[in-house]
Each structure stands twice: as C-alpha cells, then as structure tokens.
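The following note concerns the ligand site and the salt bridges. Please read the points alongside the model.

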Amino acid sequence: MLHASMTIDPAFRVAPVNRRTFGSFVEHMGRCVYTGIYEPEHPAADADGFRTDVAELVRELGVTTVRYPGGNFVSGYRWEDGVGPKDQRPVRRELAWHSTETNRFGLDEFAAWTRKLGIEPMMALNLGTRGLQEAIDLLEYANHPGGTRLSDRRIANGSTEPHGIGMWCLGNEMDGPWQIGHKTAHEYGRLAAEVARAMRMSDPGLELVACGSSGPEMPTFGAWEAEVLEQTYDHVDYISLHSYYEEHDGDLASFLASGAEMDAFIESVVATADAVRAKLGAKKRIQLSFDEWNVWYRLRFEAQEPSTDWPVAPRVIEDRYHVADAVVFGSLLISLLRHSDRVTSASLAQLVNVIAPIMTEPGGPAWRQTTFHPFALTSANAKGTVLRVEPRSPVRETARYGEVPLVDAVATHDAENGEAAVFLVNRSTDEPVTVEVDLRGLAADRVASCLTLHDEDVYAANTRERPDRVVPRENTDVRLEDGRLSAVLPPVSWTVLKLALPRT
Ligand code: AHR
C-alpha cells in the first residue's frame, strides 16, 4: 500500500474562504437558459417561467455568483433585445453558436432569477460588436434607481428596484480569433480602460474584470495580460482566467493531474500582474477572476461539423461526466482554494445542460451529474480560513505534466464554529493510498464524516435513467487517535473529511 502524510495547522493560513469561489456561469448557449433554468411550459415552472426543480438543485449546489449572458454569445449581443414586453422582443440569428435567439429571457429575468435564489449577479459587457456607449447605457438601465430615460424604462418594464449589479466583465475572451470583434491586446486594453473609466464615473464602487487569456495555450498568453494590464491597471480590479481540461488519447494519469496545470496557470498570471504592478509603481494588487473553468471534451466538439441551420436552444456540448471527470473537477476546486489569496472570484462554466453539473430534459426531470457532488460538498464545507497543506506523497511520472504527487489536498478552518474540512484527491489510476494526517494543531477530537467519490468503473456516469449511479459514500477506512488521523483513499478518488473541533 502507498503512503502519504500531511500536517494541518491553523498557522498555515492562506486567506479567508471567499464565497465567490463558488460562482457559476449562465450563457445564452444551447439549453443553459431555455429548457435549463427557464421553461415556462414545464410543469415545475413558477409564475416567472423559472424551473423550480432546477432552482432547488442550484441551491443545493451552493452557487454564490452567476456570470451572464456569455461567453462568446455576449460579443454579438444587444442587451436591449432582451428587455420589455416579450412579444415585442426581436428574434435574431446568434452567430457565436449558430442558433436562433428568441430573447424571451433577458437582463430583467436574469436579475429576478438571481434575486429569488439569493445569488450575486455578475454581468459581462459586449466589447466585440459594441463599446462604450452601450456599456454605460446598460449600466444606467440596470443600476440607476430612476428618473432617467433608461432607468425609467427598467421601471416601466416591471423592475422597480435597481438590479444593483456590482461586478462587471469588460468583454469575453477578446484574445481569441473565434471571438466576434476579436482584438489585439493593444486595441482591447485601450477600449477596456475607456469603458472602465466611464463606468467608474457612474459608480466608483463597481468591481471590474479585464479579459485575460482564453487559456494558457494561447500563443499570446502572458504578453496579452501584460499589455492589457499596463493600460487598465488603475481602472480594474480583476484579470480573468479561462481554462478547460480533458482526457487526451486515453491518458488518464495526465488527466488526473490537471490541477498541476491550473496551479501553474494561476501562478503565471499572478507573476505577470505583479510584474506590471512593479513596472507601474502601483500599490494595489490585481485579483484573479477564474471566470470559466471546468472539464470540457472540447476536442470532440471541435471535431464536429459546424451547424448549417439556426436552431432554437439546440443540444450543444452536453458532456456527460463520469467518475474520473468528477475527481479532476474536485482537484480543480482544491487548486482554486489554495490560491484564495489571489483568486477571489471563480465561475464554473456552465450551470445547466451546457458542460454542466445539472442536466434537464424539456418537460422532464432534472438530475445531478457526477461533478455536482464535489462542487456542492466543497461549497458547503469550505468555511473560515483556507490552510495550506503540503502533502508528503509518492509521485508519478505523467506524459503531460512530468512528475506529480499522487495525493493533493487543501484544508479550511472555521475556528468560530469549531469545524475544519480537508479536501483530498488520490490521482493514482490503480493504487489506494493510506494518508496519515497530523491534526494535533487543530485539536480535532472527532471525524464528523468522511465522504469519498469513487467507483470501480472510473467511466461510470449519472443518467436520466440512473441519476444516482455515482454518489459520494461514507468512507469507513478512517481512524482518529491522539490527533493523528489515518484514512485509505481509493485510486481515482476525491474525498472531503469533516472534523469537529473544540470551539474557541
Ligand atoms: O463555456 C463555453 C465557451 O467557452 C464560452 O462561451 C467561451 O467564453 C469559452 O470559449
């Protein structure tokens, strides 16, 4: 049996757990909105047309913020199309995903949905086909209390209270040649700075996110962040990161180590942002908004023939997630948490149907994918302060990332409520690992629970017919004695260990 060990100590403090780490993303893409969160004809729809079965799952998932309305979609979107009487809203061709947008759902519906669910809205602006004027118009419509043309239009449309949207993304993936209105770093940086300046004139308290790279594999990665931040540094709070992970050519060992790539990506962006800070002699530090992350079998999607028709709410990238996907997904949450000092906002892309933890059938049921579980359990149990954990672990050589430790972990400590949680992953493809955890620094006296997500079949998935085929189960191979815990982590598994502590 392989062995790993680690020490959890309240002195190894990283930063407070930021609730925005547990954000998600709703794009007008495929069936995320239509027949996802919104389906007026569904038997479980409420008076606003929102699916209550989906809303319940979103609550259970523990989502804190939702980014909207895209994604690539936003770069061709006219926000005015989505407000006002529904029968007067235009139907348009949507170029990013080659579909037809009915505009039955728009900003006011999104704001109402987030309010019902107690979620913080995060809005993306179109800096592809549009620019400064449309951005400040949208801000006036959304946030101004009343007495102006656009705020009164919102009131006339039924939203008497301002939406109070505090976080705004200045465009989406503007570095990507696929983006409608794609720009060079210089062109984008200048536009983003202008828009940010004007938005701050309206409300200096807004939190603004400049577009970083669409992924670390982009040829302009690094240079893009440096140029954009040089132009926008004083006017923005965040730089965005996007990255998707998948298994390449059956190389499960590398796939399981995807967290190593996420760690390196985050650390490179931190280094670039801090280099710009030094160059400009600036005081503040730029935060990171990892506002698109997930497992996505993107190569399969790119290999498909592009659509030639213009369907309404088609089935697009409805990836079915298996056990190994969920284990990788859990390890990505470990990476995000361990960087909580700089990654203070994140959005799982996406929320429903489109590469999502929640699936639905039109007129039918909604169910949890395997990835639902690590997200819900991390959101529910990561409380208080993030603690750095440095496991002493056996390593494995991987084709994509070189040597990686088999066991990765992070912990959180909520001294006030006498709770701690340890999130662990065993990335071995075939061997269990016994982990010894020194908990004496926490004075942990009881294991409240230890849930492990694992299955003999690493490719097992949840389906409409068997929605609970894969669920986390109580791990009975756990002992705690004199502040030292021992647990067996099966191969390809993700675990959350909840500890009860004496209250301080
Ligand atoms: O989440 C799917 C797509 O991935 C988004 O629209 C885009 O921003 C990214 O490339």
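1. The ligand sits in the largest pocket. A pocket is, on a 1 Å grid over the protein atoms alone, an open set of points with protein on both sides within 12 Å along at least five of seven lines; a molecule sits in it if more than half of its atoms lie within 2 Å of its grid points.

2. This is a predicted model, in which local features need pLDDT of at least 70 and side-chain atom pairs count only at pLDDT 80 or more, while totals for chains, interfaces and linings use all residues. Residues are numbered from 1 along each chain as its sequence is written, and side-chain values use heavy atoms, with hydrogens and water left out.

3. Around the ligand (a heavy atom within 4 Å) are F25, E27, G71, N72, W97, N172, E173, Y244, E292, W296, R298 and Q350. This shell comprises four nonpolar, four polar and four charged residues, with Gly counted as polar.

4. The protein covers 99% of the 280 Å² of accessible area that the ligand has on its own (Shrake-Rupley method, 1.4 Å probe).

5. The structure holds 29 salt bridges (a side-chain nitrogen of Lys or Arg within 4 Å of a carboxyl oxygen of Asp or Glu). One of them pairs K116 with D46, at 2.6 Å from N to O. This pair links distant parts of the chain, 70 residues apart: K116 belongs to helix α2 (residues 107–117), and D46 to the loop between β3 (23–25) and α1 (52–61). Helices (H or I, at least four residues) and strands (E, at least two) are DSSP runs, numbered from the N terminus.

Methods:
On a 1 Å grid over the protein atoms alone, a cavity is a set of points where a 1.4 Å probe fits but cannot get out, and a pocket is an open set with protein on both sides within 12 Å along at least five of seven lines; lining residues have an atom within 4 Å of a point.
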